[in-house]
Amino acid sequence: MRETPRAEPPQPRPHRAFVHTTGASCPGTPHRSDGRPPHTPRGARQPDPLGRPGTTPPVPGRPALFSALVALAVVTWQVLVHGPLARLDERVSRSLVDTVPRPLSELASDLGNMTVALPVLACAMAYAVWRGRRLPALYAGLAMAAVPLLVVPLKEWTARPGPLEPWAQGYFPSGHTATAAVAYFGAAFLVSNRLIPVAAVLTAVTGAGLILRGFHWPLDVFASLCLSFLTLAVSSTCTRRSSG
């Protein structure tokens, strides 16, 4: 009589890459059955020389980038035609100028000076190079170099007079705001993403100081923030692609 073959033990299915093993650090912790690291951005991220996981700057999604581009286009158009938004901007500015002591607003606006912001970025770039992150440091430097290349033509094209100097032109967008945003956020991306709130505060204080002192209209600052957002997004995308 032919012996009935015994049932074979169940074989693992090929599409199940993870199994729960008794060697896990805790019950239910997924491990690769072949011992390789998981194919996820966190698993593939290499640690830095100090043993901490490497970090990459966050990249905004397409809707956010599109919104920033549209906002920049709309406010630029309003400034060029001196539309209702630009007129409202001027009324708001006149109600805000010198509402705080001038030394305080000047101190805040000075955070956007190149002599203040650029050394911060330079130190962060040197730190990144020391940790072996040469390409991110390069992209941060290129983003900073792009600021005058983007801001100066817009200033000449719009030729907007200043709040306290109507005889002068070239106030839109604010170069100080763009310098502060790109420098401080770029430095935060290079050192630690935990510093992003600090970069946001420094940039906001710079823009507020420029408005309260009467160095720029509010729309000048807003347009620079949109422009800086787009510049930083390009730099962050290049950083992620180079590290991937």
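Are Phe185 and Phe189 buried or exposed? Both are buried. This briefing covers a predicted model. The protein has 244 residues, and 36% of them count as buried. Its secondary structure comes to 9 helices and 2 strands.

**Overall build**

- Along the sequence, the pattern runs β-β-α-α-α-α-α-α-α-α-α.
- The accessible surface comes to about 14,700 Å². Carbon and sulfur atoms account for 66% of that surface.
- Take the contacts between residues at least 6 apart in sequence: 69% of them join residues at least 24 apart.

**Aromatic pairs**

- A search of the whole structure turns up 2 aromatic pairs.
- Tyr127 and Trp130 make a tilted pair, with 5.9 Å from centre to centre and 40 degrees between the planes.
- Both of these residues belong to helix 5, which covers residues 114–130. Tyr127 and Trp130 sit 3 residues apart, about one turn of the helix.
- Tyr127 has a relative accessibility of 26%, so it counts as partly exposed. Trp130 reaches 60%, so it counts as exposed.
- Phe185 and Phe189 form a tilted pair too, at 6.4 Å centre to centre and 50 degrees between the planes.
- Helix 7 (residues 175–191) holds both Phe185 and Phe189. They are 4 residues apart, about one turn of the helix.

**Packing of helix 2 and helix 3**

- Two packed helices are described by the angle between their axes and the distance between the axes.
- Helix 2 (residues 62–81) packs with helix 3 (residues 84–96) at an angle of about 85 degrees. Their axes are 7 Å apart.
- Helix 2 is therefore roughly perpendicular to helix 3, because angles of 65 to 115 degrees count as such.
- Helix 2 contributes Val75, Gln78 and Val79 to the contact. Helix 3 contributes Pro84, Leu85 and Ala86.
- By class, this contact has 5 nonpolar residues, 1 polar residue and no charged residues.

**Buried residues and their contacts**

The contacts below leave out residues up to four places away in sequence.

- Ala140 lies in helix 6 (residues 134–158). Its relative accessibility is 7%, so Ala140 counts as buried.
- Which residues does Ala140 touch? They are Leu121, Leu190 and Ser235.
- Ala140 and Leu190 are 50 residues apart in sequence. In space, they are 8.1 Å apart, C-alpha to C-alpha.
- Thr179 has its place in helix 7. Its relative accessible area is 3%, under the 20% cut-off, so Thr179 is buried.
- Thr179 touches Gly112, Met114, Ala117, Met144 and Val147.
- Thr203 is in helix 8 (residues 196–213). Thr203 is buried, with a relative accessible area of 5%.
- The contacts of Thr203 are Ala180, Ala181, Tyr184, Phe185 and Leu225.
- Phe185 thus links two topics: it pairs with Phe189, and it is in contact with Thr203.

**Backbone points to check by eye**

- Most residues other than glycine have a negative phi, and most peptide bonds are trans.
- Where is there a cis peptide bond? It joins Phe172 and Pro173, with omega about -5 degrees.
- Pro173 is in the loop between helix 6 and helix 7.
- Ala159 also lies in the loop between helix 6 and helix 7. Ala159 has a positive phi of about 50 degrees although it is not a glycine.
- Ala159 has a relative accessible area of 24%, so it is partly exposed.
- His82 has a phi near 50 degrees, a positive value in a residue other than glycine.
- The loop between helix 2 and helix 3 holds His82. At 37% relative accessibility, His82 counts as partly exposed.

Notes. Residues are numbered from 1 along each chain as its sequence is written. This is a predicted model: local features need pLDDT of at least 70, side-chain atom pairs count only at pLDDT 80 or more; totals for chains, interfaces and linings use all residues. Side-chain values use heavy atoms; hydrogens and water are left out. Rings of Phe, Tyr and Trp (its six-membered ring) pair if their centres lie within 6.5 Å; planes under 30 degrees apart count as stacked, over 60 as edge-to-face and the rest as tilted. Buried means under 20% relative accessible area, exposed over 50%, partly exposed in between (1.4 Å probe, protein chains only). Contact means heavy atoms within 4.5 Å. Axes are lines fitted to C-alpha atoms, for helices over the stretch in contact, and angles run from 0 to 180 degrees between N-to-C directions. Angles under 35 degrees count as roughly parallel, over 145 as roughly antiparallel, 65 to 115 as roughly perpendicular and the rest as oblique. Ala, Val, Leu, Ile, Met, Phe, Trp, Tyr, Cys and Pro count as nonpolar, Asp, Glu, Lys and Arg as charged, and the others, Gly among them, as polar. Accessible areas come from the Shrake-Rupley method with a 1.4 Å probe; for residues, only the protein chains shown count as cover.
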